[in-house]
Amino acid sequence: MDKENKVIDGIFENLENKDEELSPCARALQLYNGRNYDEAVKLWEECAKKDDAEALFWLANCFMQELAGKELSEEERIKQGFKYALKSAELGFVKGQHYVAVLYLNGAGVERNCKAAVEWAKKAAAGGLVSAINTVGYLYEYGDYIEDAAEDKSKAAFNWYMKAAQSNDAAGQTNVGRCFAEGLGVARDKQEAVVWYTKAAEQGQDEAQFCLGECYDDGEGVDKNPVEAFYWYKEAAKRGHAKAACYVGYCYECGEGVSRDMAEAIKWYQISAQKNYAQAFCNLGCCYEEGNGVKRDLETAKKMFEAGARLGHAMSQYNLGNIYAFGMGVKENVEEAVKWYYQAAQRGMKEAQYNLAQHIYKGLGVKQSAEQAAYWFLQAAENGDADAQYKIGSFYQNGIGVEEDEEEGFKWFLRAAKQGDSDAQYAVGMCYEEGYGVDVDLHEAREWYLRAAEQGNREAKKYLKRVNKLLGK
């Protein structure tokens, strides 16, 4: 629930009171900031007895973070934290109200209740707490559970985000930028997205900095500028943005917006991987597999791919499948290869779908099944894989694993042929010459044979000569 947890950002602030005489609650906060948690908790507990709403809020925080109530079970401790938060909220403390909203949303210390989350977030927002205004926007954006008169919840979400953004809140500005970028509750406008991302990025908001980097990288809403893209990726990465750190590594590896430097690339990939960003593990695995920037080490490459695969990263799973399929640094194991191809295939990776289909069709590491092979070839074909399009075309033409359908077969041959696959171009030529799934047309047959022949397809060269004779050429 990463997205939901993000709404907690901004609730807690380090407060300084430079008055000579600090209140007990303020002294407790000073102790807390100095990491003297036990003494801080004692002071807040004394304040809480007098219904000090702010003290109750901080006590709730301490119980939730296991800084208090250590003698209790985890369940009891979290429930106690919720009770303190709720009492703070009921006494009108806006941060307490927002905290209760978040706890209801996440089901922490209380049964998950999205309706209650909305009610408490709105109370905190009405009290002027900007982070709560953002949370209400979030709840409208993702909360199908909201029962509200608003006809367009996306538009309502945008309006709440804009309210926060106009208060110069960086998170709100980032959300507004995203709304313009995605057309969420407002007409899509990439240039306007850049305007809002820039406002937030200049305040140091890491997500906005990353998004702004992507805009410069892709030339969306702004002129394409690899140097600017790299600058913003690195700014976000320096603030702990895991994905941005991986992108910085990629920029160094490819020399995009910065001079190529594999030592720096490896460093930033490692930083990203330490934050469990799956793509970083995959990139490191490729570097170790190829000896790119590091000494070639297939065992380490395998470990990197395994780490990415455990996080559900399709490319890592596919690469791990290849490790076992080709015995790279390990004993060849087609059963293990099929296992990883299957996991990547389920996540929609066309290359994995094609490899899985090949293994199933040949009965390598898995029970042979023409029907299952046809299913996975079709999945890969629909995802745009030219080899799979040619293969499923052959299956339809010959009734392998599917009901014979020459028209369907021709359709898939043509799709692969248009991607430049020479075997498919030859097959399209054959269909036009013989009338398989399409009307006979020797001129079209000649055109497709010619395209395949120019790529060195021997069969196409042979049939091209025959068609030329039929056409008198």
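Ground rules. I number residues from 1 along each chain as its sequence is written. The model is predicted, with pLDDT of at least 70 needed for local features and 80 or more for side-chain atom pairs, while totals for chains, interfaces and linings use all residues, and side-chain values use heavy atoms, without hydrogens and water.

Helices 5 and 6. I looked up helix 5 (residues 74-90) and helix 6 (residues 94-106); their axes come within 7 Å and cross at roughly 135 degrees. Helices are DSSP runs (H or I, at least four residues), numbered from the N terminus. Axes are lines fitted to C-alpha atoms over the stretch in contact, and angles run from 0 to 180 degrees between N-to-C directions. Helix 5 is therefore oblique to helix 6; under 35 degrees is roughly parallel, over 145 roughly antiparallel, 65 to 115 roughly perpendicular, and the rest oblique. For contacts (heavy atoms within 4.5 Å), I noted F82, A85, L86, S88 and A89 of helix 5 against G96, Q97, Y99, V100, L103 and Y104 of helix 6. The residues of this contact of helix 5 with helix 6 are eight nonpolar, three polar and no charged.

Helices 24 and 25. Next I took helix 24 (residues 422-434) and helix 25 (residues 442-454), which pack at about 165 degrees with axes 8 Å apart. Helix 24 and helix 25 are therefore roughly antiparallel to each other. From helix 24, the residues in contact include Y426, M430 and E433; from helix 25, they include W448, Y449 and R451. I recorded nine nonpolar, three polar and three charged residues for the contact of helix 24 with helix 25. Ala, Val, Leu, Ile, Met, Phe, Trp, Tyr, Cys and Pro count as nonpolar, Asp, Glu, Lys and Arg as charged, and the others, Gly among them, as polar.

Notes: Helices (H or I, at least four residues) and strands (E, at least two) are DSSP runs, numbered from the N terminus.
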